[in-house]
Amino acid sequence: MNKKRILIVVNYFWPYVSGVSEYAREIAASLSKYHDVTVLTGKHKPSLPDHEVFEGYTLIRAEPLLFLDKGYISPHFVRLFRQLASQSDIVNLHLPMLESGLLSLLTSRPLLVTYQCDMAIVGSVLNRLAVICVRLSMRLALRRARAVVVLSEEYAMSSPIVKKCHDKLKEIAPPNRFESEIIGGQEYNRNDNLVCGFVGRFVLEKGIETIIEAACFLKNEPVEFWLAGDYEDVAGGSVFARIKSDIELLGGKVRLLGRLSNEELISFYREIDVLLLPSTNRFEAFGMVQMEAMTFGATVVTSDMPGVRETVRKTKIGQLCKAGSGRSLSEAIIRAREERLSISREQVRDAVRREFGNEKFTDAYLALINQLGTV
């Protein structure tokens, strides 16, 4: 295999944590074992270094000029891209990205686009206009791409933006960063409270408000809710202020855990019975945390939406609920409580390992890189 210089471009990256950033991070770590990899991203915190070597690849951060909701404007980002792309053999853009159309015009290198998710047209008039601009930019990048990776073919074919590229689509499901962990821990506790966990940023599309609504419906049931993730330092703003009073009224039924380290997250996954991912719109295209939780034997309850339901459909374990409905989520949680009576954590772990695997993820990207490098 000839070593290639690969430039991965993504708006947000470690230590910022989201599905998009973690997927890009796994690509960088996997490919850096075989190729020279550079990641270009934005400096979402002023204290972060401009340049560092991380996990075997080079990480370069551009200075944002100003932040706009979930994104930012950065002429420095564009300048760095032109320089780095000219030194690369293959460019991998991670969408959604406002600059993607412009960047696609600024390079003649083979362009691989990883289409992470649609941007939902929600919020204020300004936000809606911004999303329309991003969509137009992405359409240009998709047209110029040699290949387009999607997390789920079902999600892609339901997207008004990416389905037009069906002739160059390649489905590569997200990796599982905990796949190699030594799996153990307790079996389901049949008699005590059902522990329902959530992991993610406290943003609208994750369905946090739906979880709190479901908790109200289940206030007299032996069910508790553990919520892990950033609820303050969130791009685009957190919904925590809107649910804080409801959480206080529910007392000890809802526990706020904050952002967890990987070691804390492993303990969390081992202790919960059910992972909740009641996503509300197309910002959620898969939900990597479902695979992670199932690696430790938790079942899942997730929204019946394209992409998000892939894990339940493929493993045939877990429950689906109507997006945005606390009543539907509460009913799915009760079904999940019944489901665990007939299934073990080991069966859940076996199912997710059978359907998803990091070796498949790495091999698929290496094959694409090799294909693009010989065109």
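The side chains of E22 and R177 form a salt bridge, with 3.7 Å from N to O. A salt bridge here is a side-chain nitrogen of Lys or Arg within 4 Å of a carboxyl oxygen of Asp or Glu. Side chains of opposite charge can pair when their charged atoms come close. The model is predicted: local features need pLDDT of at least 70, side-chain atom pairs count only at pLDDT 80 or more, and totals for chains, interfaces and linings use all residues. Residues are numbered from 1 along each chain as its sequence is written, and side-chain values use heavy atoms, with hydrogens and water left out.

The E22–R177 pair links distant parts of the chain, 155 residues apart. E22 lies in helix α1, whereas R177 lies in the loop between β10 (169–171) and β11 (194–199). Helices (H or I, at least four residues) and strands (E, at least two) are DSSP runs, numbered from the N terminus. E22 is buried because its relative accessible area is 7%, and R177 counts as partly exposed at 24%. Buried means under 20% relative accessible area, exposed over 50%, and partly exposed in between (1.4 Å probe, protein chains only). The pair also belongs to a network of salt bridges that links E22, R25, E55, R177 and E292.

By the same rule, the count of salt bridges comes to 22. One of them joins the side chains of E209 and R242 at 3.0 Å, N to O. This pair, too, links distant parts of the chain: E209 is in helix α6 (residues 208–217) and R242 in helix α7 (residues 240–250), 33 residues apart. E209 is partly exposed, with 29% relative accessible area. R354 and E355 also meet through their side chains in a salt bridge (3.6 Å, N to O). E355 is partly exposed at 28%.

Helix α1 (residues 19–31) also holds S30. S30 counts as buried because its relative accessibility is 10%. Beyond its neighbours within four places in sequence, S30 is in contact (heavy atoms within 4.5 Å) with F361 and T362.

L65 sits in the loop between β4 (57–62) and β5 (66–68). With a relative accessible area of 60%, L65 is exposed.
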